Amino acid sequence: MAEIILNVEVRDGTGTGGARQARREGKVPGILYGGDKAPVAISVEERPFRKSLYTGKLLGHLVTLKYGDETQPVIAKDIQFDPVSDRPVHFDLMRVDEHAPVKISIPVHFKNQDHCEAFRQGGSLEIVRHDVEIMVRADQIPEELVIDLTNHKLGDTIRVSEIKLPEGAYPTITDRDFVIASIKVSSAAMSEAADEAADHAAEQAAEAEESIEVAEEATAEGTPEA
């Protein structure tokens, strides 16, 4: 089972009114759904719920739902927040079999950018996908998908095949090795390169003009008077 335990209560009141009542009592309303059972309106105490939330291991991860003496594995699929106070106001839990595969989106993180020569050459990371949807066993859901940038070069395209997934897991998009990100020359670097090229061209032109003047002077000095 998962390390986070949510002690829930079943709500008698449903709909907006029931949710407001739960919040007035210092709880966060939610819904439990999935499997072959009907959805159930539930709630949790806000303080421990927020504590679990801020660990970063609640949303999108396998957690244990506890109701009285009963427990079951669930996945927190969605959490809604108040736009002003940023307090959680509603959550969705999905029933799962911890050994069965589930479809879930996992965030992609990039590491070792400081050790990548491409970025010292003026490259910039252009991210195409910030998360990837995969099929994975519920008890093997990774917290993140990591891409190591150490050996990448300017112009590289980073594809999903570069991500190491848990055994048996795979992307839900199976018909192509889709792009996650690419390393491109930044506009600032391009501008700097253009300026350097212009300065170099100007220097060459000046040197050529100076050579012509020297040649003309030498010709003039070597010409006998009439």
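Welcome! A search of the whole structure turns up one aromatic pair, meaning rings of Phe, Tyr or Trp (its six-membered ring) whose centres lie within 6.5 Å. Before you click, note that this is a predicted model, in which local features need pLDDT of at least 70, side-chain atom pairs count only at pLDDT 80 or more, and totals for chains, interfaces and linings use all residues. Residues are numbered from 1 along each chain as its sequence is written, and side-chain values use heavy atoms, with hydrogens and water left out.

**Stop 1: the two rings**

Select Phe-49 and Phe-91. Their ring centres are 5.0 Å apart and the planes make an angle of 35 degrees, a tilted pair; planes under 30 degrees apart would count as stacked and over 60 as edge-to-face. The pair links distant parts of the chain, with Phe-49 in helix α2 (residues 46-53) and Phe-91 in strand β6, 42 residues apart. Helices (H or I, at least four residues) and strands (E, at least two) are DSSP runs, numbered from the N terminus.

**Stop 2: a charged residue inside**

Stay on strand β6, which covers residues 88-95, and select Asp-92. Asp-92 is buried yet has no salt bridge (a side-chain nitrogen of Lys or Arg within 4 Å of a carboxyl oxygen of Asp or Glu). Which side chain of opposite charge is nearest to Asp-92? It is Arg-11, 8.2 Å away; Lys and Arg count as positive and Asp and Glu as negative, while His and the chain ends are not counted.

Leaving out residues up to four places away in sequence, Asp-92 touches Ile-31, Tyr-33, Ile-75, Ala-76, Lys-77 and Asp-78, where contact means heavy atoms within 4.5 Å.

**Stop 3: the largest nonpolar core**

Next, select Val-132 and Ile-180, the residues with the most contacts inside the largest nonpolar core, which has 27 residues. Such a core is a set of buried Ala, Val, Leu, Ile, Met, Phe, Trp, Tyr and Cys residues joined through side-chain atoms within 4.5 Å. At least two residues each come from β7 (101-111), α3 (117-120), β9 (131-137), β10 (145-148) and β13 (179-185). Of the contributors, β7 gives the most, with four residues.

**Stop 4: between β7 and β9**

Select Ser-105 in strand β7 and Asp-131 in strand β9. Their C-alpha atoms are separated by 6.1 Å, although the residues are 26 apart along the chain. Ser-105 is partly exposed, with a relative accessible area of 41%, and Asp-131 counts as partly exposed at 39%. Beyond four places in sequence, Ser-105 touches Asp-131, Val-132 and Glu-133, while Asp-131 touches Ser-105, Ile-106, Pro-107 and Val-108.

**Stop 5: a loop**

Finish with Asp-114, in the loop between β7 and α3. It counts as exposed because its relative accessibility is 69%.

Methods. Buried < 20%, exposed > 50% of the residue type's maximum accessible area, 1.4 Å probe, protein only.
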